[in-house]
Amino acid sequence: MRVLMAPGDMRAQPTGTPLAGEGCGGLAAPQVAAALVRGWQEARGTDVLVQAPVADGGPGSAQVVPPGLVTVREALQGEGPVGQVREVDLLQLAPAPGAGPGGGRVPGRTWFLDAARLVALPTDPAQARQEAREGTTYGLGVVVAQALRRTAPGDTLLVGLSRSAVHDGGAGAVAALGGVTGARALVDGRCLGLVLADGVTLGGVDGAGAALGMTTGVQGWEAQERDRMACRHATDLLRAAQTGRPQGLPVLGAGPPHRLTPTTWGTGAAGGTALALRALGAWAVPGAPAMARLTGLERAVQGQDLVVTAAGEVYDLLEDSPVAVVARAAQDRALPVVLVAGRSLLPRGERAGAGVSSVYSLEQPHADDGGWDAGGGQALRQRLEEMGARLARSWSR
């Protein structure tokens, strides 16, 4: 039997914190895949298991790209929102058929920058509050500039971004890029795309600024003041940039350009840096389907008998979530999909409509132990190995 292990990250997601940084509890997608494989092999050692972890453009997405697709991997050093020294992976990707909208090869080289790692939403409440009050996206702009300088005209640079505690409307990033004029010179002739793990807007009642109280713990008046300043900067930038058509050819299915405002989809990623970069000519797409296409998920699904995916906590299946993306790829080939979740409240009808055959929850047998993610990473690995063995006994033939 051939089984594809295509999990996403398994991390706890507290209320009001839809994304989690690299330091959070739980395991990243490659570790989840490895644990499930170990358990399955222990029970059914003759089955053929393929690991294809799924990323969504959030922190650590570069670690999910298969080594065979990477021709160059470089660590760029930058500063986080309050000056923390961090490294960000920049990948040059091997040319692959099917990368372009017409199914052919894209002119120039394609690069991926794991920029979300630099401004990942902290899990420490005190650090999150500090970044909300004092943080800047300047270091993120420095790293994006470094990456652009390594590209050549005709190249495509994909930048992974997610929600952050910092909320400056991208002011720091634009300053680091040399203002509107300097940024346009850096982008000139390149195709700059944003791979967004979170489609949150910058402003508005459901925007990143309105959620600062929940995600960082700052008081309501502080969140409102930060949001007012961020949206004012963003509006000034949009006016100065006189946004026009995106530069270059979108390679991951980006739609036609729309009028940008602080309430446009995806503008709140990385404290508003997503809006700033789009004002300067970038285009943006949802992260999970983009990364799946980039890493060849559809090719990996071919020839399998079963597909196993995973997520930390699943309450509904958003159209562009990693679980939904995996399920669609398998459904197109009439393959059964098994979802392993830390906690799942997914209605049966919704999972069936998405093509998920069965859901296995880690929480149920461990409710008395403090929950599915209690005990840290090693305990979670053990639970996943046990689940892998259980799946093998149930599904292997």
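The model is predicted, so to speak of a local feature takes pLDDT of at least 70, side-chain atom pairs count only at pLDDT 80 or more, and totals for chains, interfaces and linings use all residues. Residues are numbered from 1 along each chain as its sequence is written, and side-chain values use heavy atoms, with hydrogens and water left out.

**The five-strand sheet**

- Five strands make up an open sheet, ordered β4-β1-β11-β12-β13, with parallel pairing; strands and helices here are DSSP runs numbered from the N terminus (E, at least two residues, for strands; H or I, at least four, for helices), and two strands pair if DSSP finds at least two bridges between them.
- At the edges sit β4 (48–51) and β13, each pairing on one side only.
- From one strand to the next, the twist averages 25° (axes are lines fitted to C-alpha atoms, for helices over the stretch in contact, and angles run from 0 to 180 degrees between N-to-C directions).
- Helix α13 (residues 376–395) packs on this sheet, touching β11, β12 and β13, where contact means heavy atoms within 4.5 Å. The direction of α13 makes about 150° with that of β13.
- Helix α1 (residues 29–43) lies across β1 (2–5), β4 and β11 (306–314), and runs at about 170° to β4.

**The β12/β13 end**

- Four bridges link β12 (residues 337–344) and β13 (residues 358–361) in the parallel sense.
- Across that pairing, Leu 339 faces Val 359 in β13, and Ala 341 stands opposite Ser 361 in β13.
- Together with helix α12 (residues 348–354), β12 and β13 make a right-handed β-α-β unit; right-handed means that, with the strands pointing away from the viewer, the path from the first strand over the helix to the second runs clockwise.

- Six of the six residues of β8 (residues 156–161) are buried, so the strand is largely enclosed by the rest of the structure. The cut-offs are under 20% relative accessible area for buried, over 50% for exposed and partly exposed in between (1.4 Å probe, protein chains only).
- Thr 156, Leu 158 and Gly 160 point one way from β8, while Leu 157, Val 159 and Leu 161 point the other way.
- Strand β7 (residues 110–113) runs parallel to β8 and is joined to it by four bridges, with Leu 113 opposite Val 159 in β8.
- β8 also pairs with β9 in the parallel sense, over six bridges; here Gly 160 stands opposite Val 195 in β9.

- In α2 (residues 125–134), the buried residues are Ala 128, Glu 131 and Ala 132.
- Looking down the axis of α2, these fall within an arc of 100°, so they line one face of the helix (the arc is that of the directions from the helix axis to the C-beta atoms).
- They pack against β6 (85–93), α6 (212–216) and α7 (220–241).
- In α3 (residues 138–150), buried residues include Gly 139, Val 143 and Leu 148.

**Two residues in the β9–α6 loop**

- Asp 206 lies in the loop between β9 (191–196) and α6, and counts as exposed at 67% relative accessibility.
- Leaving aside residues up to four places away in sequence, Asp 206 touches Val 200 and Thr 201.
- Gly 199 is in the loop between β9 and α6, and is partly exposed with a relative accessible area of 25%.
- With the neighbours up to four places away in sequence not counted, Gly 199 touches Trp 265 and Gly 266.
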